[in-house]
Structures are given as C-alpha cells and as structure tokens.
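Hello,

Here is the structure I promised to pass on to you. Please have a look at it first, and then read on for what turned up in it.

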Amino acid sequence: MAATLCAKFLPKQGWLPLTQSIRHGSKSVTRHRRPMHILKQKLLAVTQYIPPPRAVPPGAYPSQTKQVKEDSPLMLIMKRDLEKVFQDCKMIAVVQNNASNAEDMMMLKHRLHKHDITVRFFPCEVMRSFLSDSLYSNMSPLIIGPTVLFVSKEPKVKEMLKTLRSSPQMTLLGACIENTLLSVQGLQSYSKLPSVTVIQGELVSGLTMMTSRTSSMLQHHPAHLSALLQQYVKQQGSGAGTEGAPKAEEAT
C-alpha cells in the first residue's frame, strides 16, 4: 500500500511541472564603451612611445671596407711568366691532375714533348689573380683543384688528345685555341678538322680549276660566235638565192 502511494505521488523521471516561471527584463550588460574623440585619438598617436632601434653588436655583420691584399714578389714574377705564356702560345689546355705520381707525369711529359707540347705548373691563386684582370677571364671556372697547363706555340689538339688517352688520371677540362675558349666536345670536333696544308692544297686546286674553266670559256666564246655568224651568213645567202629565182620567172 505504501509502495503504491509513493509511486503515485512522487514525480516520475522526466516529469515537468505544469507552471514555469519565465524572467522578463533587460540584458545583464547595460553599459557600452563610448567611441573615443578624434582629437584624443590624434593626441595619443602623436604622443605614442617609439622605442629606439636595437643596437647591432659589433662583429655581427661583415665590414663594408674591403681589404686589398698586395701580391708578393714571387706571385708577381709568376703572373708575368703566365702572361708571357698566353702571349706566345696558341694552344693552352687546362687539365686536372687526379693523384698522378711522378713516374706517370714524367712519361706524360716525354710523350707530349715529342709533339712540342710543354707541361706548365702554376698555383690556382696565381691563375685566378691573372685571369680576373685579363681577356681570358672566362677560363676562371676551369681552375678547380690541382690543375696543369698543356701549352704549345701551334694548336696540336689531335696529338694532345691522343696522348691523354694513355693517361686516365689526367682529365681535360677545356682549352683556349687561338684566343677562343673551347670545351672538351669542341676540342674533339676541332681535332677532326683537316690540317692547314690540306686546306691550302684544296684551295689552290679549286682556284686553278676555276682559272682553267675561265680560259676555256673565253676561248670557246669567239669560236662559237664566229660559227653562229657563218651560219647566219649562209642562211642569208640561201634566202637571197631563192628570192632571185621567182623574180627571174616573173620577168620572163
């Protein structure tokens, strides 16, 4: 009995009361920030604190002044010698030395000397210092690491390439042939060109053939002209004979 009364009078789960109290009124925030006057905004902008720039610690940036390093007397002598090499030689090849021993270098010098090609050694610092102020400044990228110069007074590219095939530790980087910078592919193409004597012989033979044709044409032209004139005279004579015959018949 008690259980039934409790279940009857106690509110069930999710039960809502019949009447609910609803609050009617204004919002909780009733005050709003008023806009600042334009004169006050200008005054605050003018009187705003601007902190000074932060000082750069000394040594943080490199100095703007460049230090000019003077060349030593030995470097000046080597630069003068290098300048003379560029003036006297028509072929200057730059070759990189990849751990070549003294015996291999001696054999390479002996093979190149047979073709009048000399091996010269100059420090990279001297080479870069000379090339930076000369007409051959485009050769500066070739000066990397231990480099050697193959020089000769005449461009003997074919002999040099043939000699370098037996020395795999020597790598050809480029060359200056008669004031023209060539790559490795350009040197290979240059080596396939015929020699100067062959080109001169072909030029002389072509000129002699042209002169012989000219003389034959000059001799052939008067003979051909005389033959044409003789043929014209014959045609005129035969035409005059045929015209005289009908006139004679008319007269009879």
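**Around Leu108**

Leaving aside residues up to four places away in sequence, Leu108 touches Phe150, Thr163, Ser167 and Met170. Before going further, please keep in mind that this is a predicted model. Leu108 sits in helix α4, which covers residues 102–113. Its relative accessibility is 1%, and the cut-off for buried is under 20%, so Leu108 counts as buried. Ser166 is 58 residues away from Leu108 in sequence, yet their C-alpha atoms are 8.6 Å apart in space.

**The sheet**

In what order do the strands of the open sheet lie? There are five, arranged β2-β3-β1-β4-β5, and their pairing is antiparallel. At the edges are β2 (118–120) and β5 (181–182), each of which pairs on one side only.

- β1 (residues 91–97) and β3 are antiparallel and share six bridges; Val94 stands opposite Leu149 in β3.
- β2 and β3 are also antiparallel, with three bridges; here Val119 stands opposite Phe150 in β3.
- β4 (residues 170–177) and β5 run antiparallel and are joined by two bridges; Ala175 has Leu182 in β5 as its bridge partner.

Is β3 enclosed or open to the outside? Six of its six residues are buried, so β3 is largely enclosed by the rest of the structure.

Next, have a look at α3 (residues 73–88) and α5 (residues 124–132), whose axes come within 10 Å and cross at roughly 60°. The two helices are therefore oblique to each other. The crossing in which α3 passes α5 is right-handed. By class, the contact between α3 and α5 is made up of eight nonpolar, one polar and three charged residues.

Which residues meet there? From α3 come Met75, Met78, Lys79, Leu82, Glu83 and Phe86, and from α5 come Glu125, Val126, Met127, Ser129, Phe130 and Leu131.

Within α5, the buried residues are Cys124, Val126, Met127, Ser129, Phe130 and Leu131. These buried residues pack against α3 and also against β3 (147–152), which ties this part of the picture back to the sheet.

Is Gln169 buried or exposed? With a relative accessible area of 17%, Gln169 falls under the 20% cut-off and so is buried. Not counting residues up to four places away in sequence, Gln169 touches Gln96, Asn97, Asn98, Ser100 and Asp104.

Happy exploring, and best wishes

Notes:
Residues numbered from 1 in each chain as written. Predicted model: local features only at pLDDT ≥ 70, side-chain atom pairs only at ≥ 80, totals over all residues. Heavy atoms only, no water. Pairing = 2+ DSSP bridges. Helix = DSSP H or I, 4+ residues; strand = E, 2+ residues; numbered from the N terminus. Axes fitted to C-alpha atoms, helices over the stretch in contact; angles between N-to-C directions. Parallel < 35°, antiparallel > 145°, perpendicular 65-115°, else oblique. Left-handed = near helix turned anticlockwise from the far one by under 90°. Contact = heavy atoms within 4.5 Å. Nonpolar A, V, L, I, M, F, W, Y, C, P; charged D, E, K, R; others polar. Buried < 20%, exposed > 50% of the residue type's maximum accessible area, 1.4 Å probe, protein only.
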